[in-house]
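Try each task before reading its solution.

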Amino acid sequence: MTKEVLERHVAEPKAPDAVAFSMRESIANLVARYALAYDTRDWDTLIGCFTLDASFTLRVEGSDLVGPFQGPADILRLMRDSAAAQDDRRRHLCTNLMVEPSGPDRAIARSYLTLISIRDGHLEVLSTGTYTDEVVLYGGAWRLRTRHLELDLPSDGRRRG
């Protein structure tokens, strides 16, 4: 790309890109807020990431679908029960976020999950996976309407023999 072409692109930003960037950054914040809220057991923030009609499903590769968990109370119960069964600290790292707008107030977002356990001064990758989210503008903020987690391995560190 020549310098002139590069300068023309910089000088003539297109409005749809600016809108998409804003949407993408807002959705990236939503995905990060969910992960941080789960890891810190900030249940109010976590449940605020979802719409009132939200659903959550998950599957470990080769296993049956778990869920759907419908609505904030059902999703919160799943998250609290999962956290209560853990005897380590967890970090949910969400990366490679892709956002595909499907309208001015909705999009499909996909991201990778790397689940890390911290125990006795050691880090261990427990699992990896992919989140597929339907996100919508709801009450003036981007929220998860549907969230599906496809795990490559069980999140408790069990390995298939």
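**Exercise 1: His-148**

Find the residues in contact with His-148, leaving aside its neighbours within four places in sequence.

Solution. Contact means heavy atoms within 4.5 Å. His-148 touches Thr-57, Leu-58, Arg-59, Leu-65, Thr-130, Tyr-131, Thr-132 and Asp-133 in this sense. Strands (E, at least two residues) and helices (H or I, at least four) are DSSP runs, numbered from the N terminus. Then look at the side chains: those of His-148 and Thr-57 make a polar contact at 2.7 Å. A polar contact is a pair of N or O atoms within 3.5 Å; within protein, one must be able to donate a hydrogen and the other to accept it, and residues adjacent in sequence count only if both atoms are side-chain atoms.

The model is predicted: local features need pLDDT of at least 70, side-chain atom pairs count only at pLDDT 80 or more, and totals for chains, interfaces and linings use all residues. Residues are numbered from 1 along each chain as its sequence is written, and side-chain values use heavy atoms, without hydrogens and water.

**Exercise 2: buried or partly exposed?**

Classify His-148 and Ser-82.

Solution. Buried means under 20% relative accessible area, exposed over 50%, partly exposed in between (1.4 Å probe, protein chains only). His-148 has 18%, so His-148 is buried. Ser-82 has 29%, so Ser-82 is partly exposed. Ser-82 sits in helix α4.

**Exercise 3: a distance**

How far apart in space are Ser-82 and Ser-155, C-alpha to C-alpha?

Solution. The distance is 9.8 Å, across 73 residues in sequence.
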